[in-house]
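These are my notebook entries on one chain. I set down each look-up in turn, with the cut-offs that I applied.

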Amino acid sequence: MFNYNDHWKKPVIKIGKITLILATITSFIPAIYLTLIEGANPAFSSIIKSWFTVLSIYGMMYIIEPISFYSVLGLSGTYLSFLSGNIGNMRVPCSIMAMEVTNSEPGTSKAEIVSIIAIVSSVITNIFLLTLMAFAGASLLELLPPQIIVGFQRFTIPSVYGAMFLQIAIKNVKLIPFSILIPYILIVLGLPAYIITFFTVLSMIIISRIFYLKSKSSINI
């Protein structure tokens, strides 16, 4: 008899931990090569300074992104997405679209399976297209007018996020004003992007929970 926890969840956690640890270790290979083979030895103070610079920019993302994306990606999808990258502009849209087409409720075992299949497919497609573009991309870009290239650069990501927002928001119409107003106020206040993301996500979780409890209590009445 299939047991979701024993046959799916535990192996996913085990394999996910191993692959992410291996990815972390292998990410040091270029630095080790430059140090041992090429003799590049930057001062320790420079390394620490660079590390703090990166931490100040992306540090909050280590907390925000897993919380933000987990409900959509699921357990296995989170491991694979953080291993392969392109989470916001590739893995999340594919996962949302797959659940939409299959009428899968986020957080269920069905959604977990559907999400990981979509993410794996996106990774394979991504690798194929990246390989193709690595060889033919420069030649193809030379054939396109500059206006088209600028359009791709400026509007591709906003278009993807706009489509994602509409798909989710149409099911939760009451949340739309809050999801627009909260980040807008934070942007007007001039706060850093990671602070805006953190407080927007946190606020929407709280507001969604309030609406959920309110609707649940009204049903019970």
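**Entry 1: Val101.** Does Val101 count as buried or exposed? I found that Val101 counts as exposed, because its relative accessibility is 61%; buried means under 20% relative accessible area, exposed over 50%, and partly exposed in between, with a 1.4 Å probe and protein chains only. Val101 lies in helix H5.

**Entry 2: provenance.** I note that this is a predicted model, in which local features need pLDDT of at least 70, side-chain atom pairs count only at pLDDT 80 or more, and totals for chains, interfaces and linings use all residues. Residues are numbered from 1 along each chain as its sequence is written, and side-chain values use heavy atoms, with hydrogens and water left out.

**Entry 3: confidence.** pLDDT is the predictor's confidence in each residue, from 0 to 100. I read a mean of 81 for the chain, with 95% of its residues at 70 or more.

**Entry 4: the chain as a whole.** I count 9 helices and 0 strands; both are DSSP runs numbered from the N terminus, helices being H or I of at least four residues and strands E of at least two. The C-alpha trace spans about 75 × 50 × 45 Å along its principal axes. Of the 221 residues, 22% are buried. Among contacts (heavy atoms within 4.5 Å) with a separation of 6 or more, 60% join residues 24 or more positions apart.

**Entry 5: helix H5.** H5 has 16 residues and reaches 21 Å from first to last C-alpha, close to the expected 22 Å at 1.5 Å a residue; the expected span is 1.5 Å times one less than the number of residues. I list its buried residues as Ile87, Gly88, Arg91, Val92, Pro93, Ser95, Ile96, Ala98 and Met99.

**Entry 6: H4 against H5.** At what angle do the axes of H4 and H5 cross? The axes of H4 (residues 61–84) and H5 (residues 87–102) come within 10 Å and cross at roughly 105°. H4 is therefore roughly perpendicular to H5, a class that takes angles of 65 to 115 degrees, with under 35 roughly parallel, over 145 roughly antiparallel and the rest oblique. From H4 the contact draws on Glu65, Phe69, Val72, Leu73, Ser81, Phe82 and Ser84, and from H5 on Ile87, Gly88, Arg91, Val92, Ser95, Ile96 and Met99.

**Entry 7: Asn103.** Asn103 follows H5 and sits in the loop between H5 and helix H6 (109–143). Its phi is near 55°, a positive value in a residue other than glycine. I class Asn103 as exposed because its relative accessibility is 68%.

Entry 8: Ser179, in helix H8, is buried, with a relative accessible area of 19%. Neighbours within four places in sequence aside, Ser179 is in contact with Phe165 and Met204. The C-alpha atoms of Ser179 and Met204 are 6.8 Å apart, at 25 residues along the chain. Leu34, in helix H2 (residues 29–36), is partly exposed at 42% relative accessible area. With its neighbours within four places set aside, Leu34 is in contact with Gly39 and Ala40.

Technical notes. Axes fitted to C-alpha atoms, helices over the stretch in contact; angles between N-to-C directions.
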